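Student: Please take a close look at one part of this model for me. I would like the surface charge explained, and then the strands and the turns between them.

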Amino acid sequence: MKKSLIALAVLAAAGAASAQSSVTLYGRLDAGLVNVKDEINGDGVTRNKLESNVLNNSLWGMKGSEDLGGGLKANFVLEQGMSVDTGAPANAERAFHRQATVGLSGSFGSVDLGRNYPAYDTIRTLVNNTADTNMAVTNEVFANGGDYTNRTNNSIRFNSADYSGFSGAVSYGFGENKDVTPGAKSTDQVSLNVKYANGPVLAAYAHLSDKQADGSSKKYNLIGGAYDFGVVRLNAGYNTTKRTGSDDKEYQVGVSAPFGATTVYFGYANSKTDPDVGATVKRSGFDLAATYALSKRTTAYAGYKTYEVKDANKEFTAVGAGIRHVF
Amino acid sequence: MKKSLIALAVLAAAGAASAQSSVTLYGRLDAGLVNVKDEINGDGVTRNKLESNVLNNSLWGMKGSEDLGGGLKANFVLEQGMSVDTGAPANAERAFHRQATVGLSGSFGSVDLGRNYPAYDTIRTLVNNTADTNMAVTNEVFANGGDYTNRTNNSIRFNSADYSGFSGAVSYGFGENKDVTPGAKSTDQVSLNVKYANGPVLAAYAHLSDKQADGSSKKYNLIGGAYDFGVVRLNAGYNTTKRTGSDDKEYQVGVSAPFGATTVYFGYANSKTDPDVGATVKRSGFDLAATYALSKRTTAYAGYKTYEVKDANKEFTAVGAGIRHVF
Amino acid sequence: MKKSLIALAVLAAAGAASAQSSVTLYGRLDAGLVNVKDEINGDGVTRNKLESNVLNNSLWGMKGSEDLGGGLKANFVLEQGMSVDTGAPANAERAFHRQATVGLSGSFGSVDLGRNYPAYDTIRTLVNNTADTNMAVTNEVFANGGDYTNRTNNSIRFNSADYSGFSGAVSYGFGENKDVTPGAKSTDQVSLNVKYANGPVLAAYAHLSDKQADGSSKKYNLIGGAYDFGVVRLNAGYNTTKRTGSDDKEYQVGVSAPFGATTVYFGYANSKTDPDVGATVKRSGFDLAATYALSKRTTAYAGYKTYEVKDANKEFTAVGAGIRHVF
């Protein structure tokens, strides 16, 4: 006999106000059919695939919040990423690759210890086009798509409270491996963000500085924002990267418009990398996507994206459709 | 303080008809003591062991179903196998080795994307003797015991609705590795089944075709059925395999009889493999098992199985007893 | 929409006495900041770190108990360890490294099959100082800190019922690898304990015998106890180890005292290892710790520990503070 977890709603229905939930089991599963041709990082052969994580990365997790009294709460999250198409974990080394934190929150904001998102990442996802989905071509076009450590081991993160729309966050990752194994990748990392979010307006700045054990470093600065006109929402972000060996200047813009249960998205991204040695690399691309809400938790989607590396005369194109279910 | 998941029954009891369950946490744990002597694949030394998965493979998982209205549902399952005797996962590469799917169902049937059972496997387990447990000697005797891919990555599966007892299923696994890494094992796979199940009668046919990246292939055809007389249930299956290099012809039959909380099983399996080069290999064996239901969820069991490879004059025997708990 | 697991308390509140819980999802998360200088096993450089498992090892698990009637119950537990600072599992080879068992309990006691704690370990943790936390310097000082197999694959464990305070346990781990892979580590293990626990008094004896595949062996004998005066609790343990190549004699003592929500701990440990060849190795150290209960489930803590290897003139010191949350 399988027993089922029950919505908090039951609490109210049962009038059991004193009972506390201590853990929430949650997840997001995404799978679809795609047609991909990748001349840039692949072999240029067109392929049909059943893929996971077409719209969003799949995951499952446990989280909870305990009221300690006096406005103080204890919070935790354990979150694993995986692919629905194979059942494989997002990272074979980590049971909870996406997030693993424990901390406290109160009127001051929150402090979380563990494997946190850096403060920079929060803004990057917030101002990304195409609702920060994998449909957005930003990750492919931006040189820092897979460049910065977007989840930080051995880190502490502070999120401020919201002051009339203003808020901020600071995260620090201890570079614990630095001295122990010279040459190994250090996670020594500082990141911060400031944000103004009020009604239709969003404006934000974020910084991340990654120090590597080999002496190299990466520094990212991002400004971005969005305005929601109701009929359409506009967003944009401009990022500069100064890394040992090369610098990037890159931007992306997006438009989305809701039509009942359907939302339509358009995104454009442009990147220029200037290496200390060699020629400038320019990339640009766009994406088109539509989502249809079958319910609050279940979404059908379809999308197209393409980008090119200029001068190299090489192109990537992908078209796909699928389903995303949240529990 | 440990908090507990609660049966759906609470919903009714609480009169909270509007609340929905969104995830069910479930599992099956099996462990027992066995005495094994394996001259065929082992060293022939008799050993006592504490083993997991003696009656059934152990597992845990999450699954759920959301009503989307109009008869449509969104469904998912994430299922991991493991051994209770060591805590080890069934497969170290996959977080959810047994199943990982997301899909939709309705009056038409269901469509699931992800890591699915092939349609062939469903019939193979349905007509297997000894209630398709690990007590059944079929897996050891049949050449295709570990031969066919019984869970298919990158696959889509359609299950039809039931039409007066008739139903069918089709599954397709995209051979995504085929062109990318020549020589690597492809999972390109087509499978289908048709079934008639009505009252005491079960009759079924299933096909599976596996194409390998190295050009080799495997084709399985299975017919099987069962009849439940009440006092005894009979079942049988006949399978042919055409694989590059050899062909198999194999069958198995089984009888089971309930006596109150106890059920007694007998199974026999016979296999003949004709290689293109070399001598025919014949295997046969039988098993005897009994289960005792301590409750609907908890079962004590004992069993014996043996099989031999003819002409090789080699034998495998195992006797064991244990407990299986389902949650 | 995230749905939540609900306390058993809801059952009573809802008057749904007939509904049964079948699985409990639980966990413990620990993270803190530490300053460590390790001249003994490390490089002697002082480091600041964000660490997990400072007070207790982090874990999550599933467990359940089913009433079979007549006083009999079916029980299971699946428990995984992990580090909150990185999300990494305690052991990469095992999905449920800490415990994986299924069994029965009744008026006779309980029998569990799977990956069990040996009976010896239960007493070792029970009489350890500093509430058997990682703050206790015992694990560093005792030669058998990481020496004995403290979770046993392929094992069966019997726990007796409590007879006026007297109880006992026996565990046996089948050395299944012994003959199969000569030279491989066998888990062939016998362990037992007897215990008297009544009101403020605890007295216990435990034995563990580990046979290795290479012919070597380890035998541990431990006596220990505790007395709770209310204002302070005293505990002590004395262990001897006879292993192939060397013998240990070691003891540890501890004091703890509660002050409202705060509890203060002091522990001391001393060890002497006599190798068959070479000089005696002496280690000793102490720890000081304090915990503050933010709630029953959430604890803030701080602690200091240090130990030295005599004659080698080398020292380990660590100071840290953090938070532990149980769900």
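**A charged patch and its strands**

Tutor: In this predicted model, a patch of positive charge on the surface gathers B:K249, B:K272, B:K282 and B:K310. One of these, B:K282, belongs to strand β15 of chain B, which covers residues 281–293. Its relative accessible area is 41%, so B:K282 counts as partly exposed; that value passes the cut-off of over 30% used for patches.

Chain B also has strands that pair one after another. Strand β10 (residues 201–211) of chain B runs antiparallel to strand β11 (residues 217–228) of chain B, with eleven bridges between them. Within this pair, B:H207 faces B:N221 in β11(B). The two strands form a hairpin with five residues between them, and B:G215 in the turn has a positive phi of about 100°. β11(B) then pairs with strand β12 (residues 233–243) of chain B, again in the antiparallel sense and over eleven bridges. Here B:A226 stands opposite B:N235 in β12(B). This hairpin has four residues between its strands, and B:G230 in the turn has a positive phi of about 95°.

Now to chain C. Eight bridges join the antiparallel strands β8 (residues 166–173) and β9 (residues 189–198) of chain C, and C:G168 stands opposite C:V194 in β9(C). β9(C) also pairs with strand β10 (residues 201–211) of chain C, antiparallel, through ten bridges. In that pairing C:L192 is opposite C:H207 in β10(C). Two residues lie between β9(C) and β10(C) in their hairpin, where the turn residue C:G199 has a positive phi of about 55°.

Notes: Residues are numbered from 1 along each chain as its sequence is written. Chains are lettered from A and ligands numbered from 1 in the order in which they are written. This is a predicted model: local features need pLDDT of at least 70, side-chain atom pairs count only at pLDDT 80 or more; totals for chains, interfaces and linings use all residues. Side-chain values use heavy atoms; hydrogens and water are left out. Patches are made of residues with over 30% relative accessible area and no salt bridge: like charges are joined within 9 Å, nonpolar side chains (Val, Leu, Ile, Met, Phe, Trp, Tyr) within 5 Å. Accessible areas come from the Shrake-Rupley method with a 1.4 Å probe; for residues, only the protein chains shown count as cover. A salt bridge is a side-chain nitrogen of Lys or Arg within 4 Å of a carboxyl oxygen of Asp or Glu. Lys and Arg count as positive and Asp and Glu as negative; His and the chain ends are not counted. The place of a charge is taken as NZ of Lys, CZ of Arg, CG of Asp or CD of Glu. Buried means under 20% relative accessible area, exposed over 50%, partly exposed in between (1.4 Å probe, protein chains only). Two strands pair if DSSP finds at least two bridges between them.
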